[in-house]
Amino acid sequence: MNCIVIDDEPLAREKIRLLVEQDVSLQLLGCFSGAARAADFMELNPVDLVFLDVQMPGGCGLEFARQLNKETMVVFTSAYTEYALNSYDVNAIDYLVKPVHPNRFALAVQKALDYADMKRYRKQQQQQAITTQQDYVFIRSDRRLHRVVFNECLYIEGVKDYCVLHMAGRKLMVGINLKALLEQLPQDLFVRISKSVVVNFRHVTSLNNQDVQIGELELAIGNAYREYLFSFFVAHHVVGR
């Protein structure tokens, strides 16, 4: 999940920056001392999550949040608690009081991840409802369109802005990031288990809290994805205790 930090106080901004860089689930796109420069940046760069100071010279964080598109999530940061109730008016994910404790920061990030997963799941369910008869997708690679049958794909590995589709006997490298590709795949088959791996659940032979096994291959489950994997996906496929 990418993010930016907006805070006019240099020390507070640096504190949030350090917390962001320590969280493997976040990718920091930039830090800004005011809302105006951040708004210019966001016109050209989609942002998933904004850590936003409430009180800043030249603009209120609450007003700035109201102008954001509905896809962008907001976590407010402030030295004051009296604005916390107002943050609900703009559907903020969380409200952090400065100085921000690392554990409290981690909880806010997890809320954002859970919310993003829920929205993605609903969106993909809607797309799936429209294309229930389609069991394949054409993927552009090496200047050709390759027909990939969903059931033939074992797992997908993300490498920066590319993905590698692992199928029995062949691999296919695609110029698209893992998040964007996952949005094109059926959610009852494909699930993300870490920042860089999506598995086809139809090929999973076993799993525990640490890894997913496909044949002889073991793929580690990322901490940030474990709860979603077991709460929203595995729970619908398990029989017994």
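Between which two strands does the loop that holds Lys160 lie?

## Lys160 and its loop

Lys160 sits in the loop between strand 10 (153-159) and strand 11 (162-167); strands (E, at least two residues) and helices (H or I, at least four) are DSSP runs, numbered from the N terminus. Phi of Lys160 is near 55 degrees, a positive value in a residue other than glycine. Most residues other than glycine have a negative phi, and most peptide bonds are trans. Lys160 counts as exposed because its relative accessibility is 80% (exposed is over 50% relative accessible area, buried under 20%, partly exposed in between, with a 1.4 Å probe and protein chains only).

A word on the model: it is predicted, so local features need pLDDT of at least 70 and side-chain atom pairs count only at pLDDT 80 or more, while totals for chains, interfaces and linings use all residues. Residues are numbered from 1 along each chain as its sequence is written, and side-chain values use heavy atoms, with hydrogens and water left out.

## Strand pairs

Strand 11 and strand 12 (residues 170-174) run antiparallel, joined by 5 bridges (two strands pair if DSSP finds at least two bridges between them). His166 stands opposite Lys171 in strand 12. The hairpin of these strands has 2 residues between them, and Gly169 there takes a positive phi near 85 degrees.

Further along, 3 strands form an open antiparallel sheet in the order 15-16-17. Strand 15 (206-207) and strand 17 (217-220) are at the edges with a single partner strand each, so one side of each has no neighbour in the sheet. Strand 15 is joined to strand 16 (residues 211-214) by 2 bridges, and Ser206 has Gln213 as its bridge partner.

## A cis peptide bond

The peptide bond from Lys98 to Pro99 is cis, with omega near -10 degrees. Pro99 belongs to the loop between strand 7 (94-97) and helix 5 (102-130).

## The largest pocket

The largest pocket holds about 1,200 Å³ of space. Among its 35 lining residues, Met1, Asn2, Asp48, Lys179 and Arg192 are the closest to its centre. On a 1 Å grid over the protein atoms alone, a pocket is an open set of points where a 1.4 Å probe fits, with protein on both sides within 12 Å along at least five of seven lines, and lining residues have an atom within 4 Å of a point. Grid points are joined across faces, edges and corners, and the volume is the space filled by probe spheres set on the points.

Helix 5 gives the largest share of the lining, 7 residues. Domain 1 (2-131) and domain 2 (136-235) both contribute, so the pocket lies between them; the bounds come from an automatic or database domain assignment.
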